[in-house]
Amino acid sequence: MATSLLAISVDGSDIARLAQFWADVPDRPVSPGATAIFAAIDTGSGLQLTFHQVPETNRRKNVMLTPAGDFRITPTLQVFSRRVPGHPADSSERLVTVAALNTTLGSGPSTALFQMTFRAEPREGLSITPYPDVDQHEPDEEEQSIALLYRKQLTYAIGHGCAADWKAGLGERTASAVRAEPLPAYEGVSLTPNVYLTAADGSRYPVTVSMEELASGTGRGHDQVETVLRLYAEWIADREAEIASLPSQFHLAAQRHMNRARAALDRMRAGWQLATTDPISTRAFRLADEAMLFQQLRSSFDKRDVQRLKDGRLIVDGPHPTPTPVPGKGNWRPFQIAFLLASLPELVDPTRPTRSTVDLIYFPTGGGKTEAYLGASAVSLLARRLRDKGDAGTDTLMRYTLRLLTAQQFLRAAALVCVLEDIRSKNEHELGTTSFGIGIWLGGSTTPNSWDQACENLRQLRRDAWAQNKFLLLRCPWCGTEMGPKPKPRGGQDVIGYELVGNKVEFRCLDRACRFGGRRKLPVHVVDQDIYDSRPSIVIGTVDKFAMMAWRPEARAIFGLAYDGTRDVSPPGMIIQDELHLISGPLGSMVGLYEPIIDDLCTDKRTAEPVAPKIIASTATIRRYEEQIRGLFGREQVALFPPHGLEEGRSFFAEPAVLDSGEREPGQRYVGIMSASLGSTQTVQVRVAAATLQGAVTIPDTDKDGYWTNLNFLNSLRELGNTASLIQSDIPDYLTGLRRRENLASPRWPRIPMELTGRPRTISPRFVLIHTLAHLLINELIFACGYSSASLRERLYISETLGRTMAGLLIYTAAGDSEGTMGGLVRMAKPENLWPVMANAVNDARWCSTDPVCMDAGEKGQGPDSCNLAACHGCALLPETSCEEFNRFLDRGLVIGTFDDQPVGYFANLTM
């Protein structure tokens, strides 16, 4: 006799027990095709059982409950059982849906159930088995790999209007309970790039490879590398032995994974053999290890403050630092040295047939991908000079998708280049007399595009404390001395380390004891003209910057081409593409258009067989990665590193992090929130932001980390505008109510909101004028075309760059299905229609319904963050979603003039 008991608790209380019997019940015969249901009600004095018999399959069963104790609201349970699709009719497995409904009459909080949950447990022989998967018809290789890797990540329930959670051990085929969860939380597995060995006393120690030992070519460094290769080979052999024990449907994918792991091991061994036998490879490898060692040591220097003496002289605090061993520095992690060895053959020998293979790194954040990149770049730069010491020029292109990431990586790579330049100066007979250098190639809003712009920006920095620093370098990469603007005690500011030399700006460390102090300049280039002239060894930029090649013929110098188009040095031999997964959508289309040109410019055609550049990329998602590589780079061969194992999160080089006690380290926790009872997602956002702001206060000091900031990732400027408005008004208002309700002593208010976007932030009179005009035109077009105020958007095109001044605006419809009731927006752009709209918009702006308050109050600032002058809801403001700047930086006075000074208005004399 097979019986089962399905226990359900509602809202955490053991209110009801539902007994489901799928076969005969003693003393209670059940007709074939029916289910006997016992509704067991806990009244506090025992269980009261009610028996009834209902058809078993494809019919809903309602179970009425009796409230327990003083519990006033009684949910109704509904149970629906059906056969599993595709299973035979006599199968004992069923798909069971259990729903809890609030059928209480009335409205308001007293008749509502908040964050309701219920739990189901199997009893007396019944088991909860994994939810059936959808059968894949002839799954491709990627689908087979996913099925293998996630075979232990089983699903036991699916939520409807809630999330489903369960209690089940990893890889177990049954769950001890399933639960409907309104506020689900999931803690991801924390992965570590460390590989551990166990000592004789039982303690663990990480496997590392000393950069110093490899640079010196000692036997100890040789043994450390051999240990990594041996351990990886043993790991592969152990995984291969496990394949036979896997279900047959996983064998093909498992064998494919191990073949790729073997191929990666063969590449590592080939690289290691070259690094120990081939003269050029050995020398490049050892010098790269030396460069990476001192790059890490010098990057760890504390920032050295600069002080102004009473006589006006600037001095650096403390003695000049000397690189000394630092715990945790100067070692390769197994992943890093393995990747460096695997890619080394293609870096030192451009004619190698496997050079066209794209190495794609898929590794957890914080695992050390940047160090692996820099090591590969150092090998490539040094091998190029060792092959031909006169072959100077750009060797590595490092491309990123975000300017913020680009600037961060630039500061790290600058230290490596400084060390390489010091090594070169001591080995000119091998590496030539041309300096190694690094350049950052960005747009004019981030770095100067010309020497004139650089000199002007330097002058602005010296006289204006609010001027933007476009030189980016804030500390000496060699010794850590402070660089950049530094306020003076009595007003004004010094600019340290940026020196005006003729009509150029050079980086020179203030410390004369520095390798790059005094008259010796740092090999760092941030001006486009300087990059074209000097052709630095490493050029870091964003992918969109390469679109400037069509308008900047001088950019040919980066690719080793002379003025007449002939090749005078080798082209870049390596392309490093970070965050590959972000190159999608419109950005992916743009990059895809330019990539064939870049690939052709980086291909050396001076030999019988053209030499293509080596491509190394990283990604945070590997879904359809081969198709993306093929579509973007046109390369057919891709090597994922590290190759997959037999289980997700276990690839030898990345394994679940474990404490010394044997427990897993805590991972990142994710909380899912879906509130159907609230009117909008913005209301949910307000509640969540207020809760997370205040919740951080209750975290024990021992568990706190540096992330005290509420960080919001948004998909569009529209969402960004909504969030900015919530932070300014709704969230503080809700915190005020929360303070009264919860008796909070000191709520955490949202202070110092900061927007991290690539949009221009230079606010000038030109910007305010164009921005205000855009708002006035939108307000007029609402009446002229019949559009709703929220369906129109603005896009501003303002540039103050010398030689590229620009003042333009675009008004467009944000919703594709929105239509004006009195005419199309495009038609209004015709001159005969636009002029009346323009004139009416300006004339309407001459008087606001709140004047004279609006015009006069503007002198003190008004609106969000007090960033507006004469602009309010009666004249120039728009819905937040329509404005790029969230209703900031507006002033009617610049358009039509003020009461006291009408000529100040740019359109003051405009009439019909």
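# Briefing: a predicted model, part by part

At 18% relative accessibility, L472 counts as buried (under 20% relative accessible area; exposed is over 50%, partly exposed in between; 1.4 Å probe, protein chains only). This is a predicted model: local features need pLDDT of at least 70, side-chain atom pairs count only at pLDDT 80 or more, and totals for chains, interfaces and linings use all residues. Residues are numbered from 1 along each chain as its sequence is written, and side-chain values use heavy atoms, with hydrogens and water left out.

**Positive phi values**

- L472 has phi near 70°, a positive value in a residue other than glycine.
- The loop between α10 (451-463) and β22 (484-487) holds L472. Helices (H or I, at least four residues) and strands (E, at least two) are DSSP runs, numbered from the N terminus.
- R535 also has a positive phi, near 50°, and is not glycine.
- R535 sits in the loop between α11 (528-534) and β27.
- R535 is partly exposed, with a relative accessible area of 21%.

**The sheet**

- Eight strands form an open sheet with parallel pairing, in the order β26-β21-β27-β20-β28-β29-β19-β30. Two strands pair if DSSP finds at least two bridges between them.
- β26 (524-525) and β30 (638-641) stand at the edges with a single partner strand each, so one side of each has no neighbour in the sheet.
- β21 (residues 438-441) and β27 (residues 538-542) pair in the parallel sense over four bridges.
- W441 has G541 in β27 as its bridge partner.

**Cis peptide bonds**

- F641 and P642 are joined by a cis peptide bond, with omega about -5°.
- P642 is in the loop between β30 and β31 (655-656).
- D851 to P852 is another cis peptide bond, with omega near 5°.
- P852 is in the loop between α17 (831-844) and α18 (853-857).

**Helices**

- α14 (residues 681-695) has 15 residues and reaches 20 Å from its first C-alpha to its last. That is close to the expected 21 Å, which is 1.5 Å times one less than the number of residues.
- The buried residues of α14 are V684, V686, A689, A690, L693 and Q694.
- α4 (residues 251-277) and α6 (residues 334-348) pack at about 65°, with axes 7 Å apart. Axes are lines fitted to C-alpha atoms, for helices over the stretch in contact, and angles run from 0 to 180 degrees between N-to-C directions.
- α4 and α6 are therefore roughly perpendicular (65 to 115 degrees).
- Residues of α4 in contact (heavy atoms within 4.5 Å) with α6 include R267, M268 and W272.

How values were computed: Angles under 35 degrees count as roughly parallel, over 145 as roughly antiparallel, 65 to 115 as roughly perpendicular and the rest as oblique.
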